[in-house]
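The tour below goes from one selection to the next.

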Amino acid sequence: MVNYNVCITQMRKRLIGIAVAILALAVAAAAAAIFSIAGEIERQSTVDEARPADLILVLGAAEYRGRPSPVLVARLNHALFLYRQGLAPRILTTGGSGGDPTFTEGEVARAYLSKHGIPSEAIIVESEGESTVHSTAAAAEIMRRMNLTSCIVVSDGYHIYRVKKMLEFKGVSVYGSPRPEQPREDWRQKWLYFRQAIAYGLWRIGIPV
């Protein structure tokens, strides 16, 4: 006589085993994809694609009570170099307050550029974005309204790949130009590539970070 309780228990075990195997395969596939994207991010991080465009887009970085951080200064100095090379007639700065009640990254960047001789009419500011996703979306909208279709993205090398993909998704032609920095080959640099790959993967599935 068939013991139905035993059959049901065995069936449950088989189903659980199948579910675990599928989950393991999904995790392995996701990990492989993340590592592959991290490799692409690393390759993009050292490529300078600067060429004539409608504007230079500078991604925001920390500011301290109205003073740009060293990272932001390095990005802005690189944007100044590209502007003086005649590669674009405008510079668009981005970045919200980051918790500062008085200043925004975008406005601090504009002040720095003005101090270094860039005419006010050549500077555009996006000062609401609190993340890369928000800033790139806002920048793309500003460009759309101004009928601008191409930009040179200035940021840290590890950041360029994700920003390019986000802007290209909005229909913008994008050329990456990482700010100069000393190359590092330690685990911290690899972690930056890996973290950007995770952020990019989350964005692809609709989770902005």
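Predicted model: local features only at pLDDT ≥ 70, side-chain atom pairs only at ≥ 80, totals over all residues.

Residues are numbered from 1 along each chain as its sequence is written, and side-chain values use heavy atoms, with hydrogens and water left out.

The structure holds eight salt bridges (a side-chain nitrogen of Lys or Arg within 4 Å of a carboxyl oxygen of Asp or Glu).

Select helix 3, residues 105-115 (helices are DSSP runs of H or I, at least four residues, numbered from the N terminus). Within helix 3, pick Glu 107 and Arg 110, which sit three residues apart, about one turn of the helix. Their side chains form a salt bridge, 2.5 Å from N to O. Glu 107 is partly exposed at 32% relative accessible area, and Arg 110 is partly exposed at 33% (buried is under 20%, exposed over 50%, partly exposed in between, with a 1.4 Å probe and protein chains only).

Next, select helix 4, residues 132-145, and centre on Glu 141, which is partly exposed at 27% relative accessibility. Which residues does Glu 141 bridge to? One is Arg 144, with the closest N and O atoms 2.6 Å apart; another is Arg 145, at 2.9 Å, N to O. Arg 144 lies three residues from Glu 141 and Arg 145 four, a separation of about one helical turn. Arg 144 is exposed at 54%, and Arg 145 is exposed at 65%.

Finally, select Arg 75, Asp 156, Arg 179 and Glu 181: salt bridges link these residues in a network.

Conventions: Helix = DSSP H or I, 4+ residues; strand = E, 2+ residues; numbered from the N terminus.
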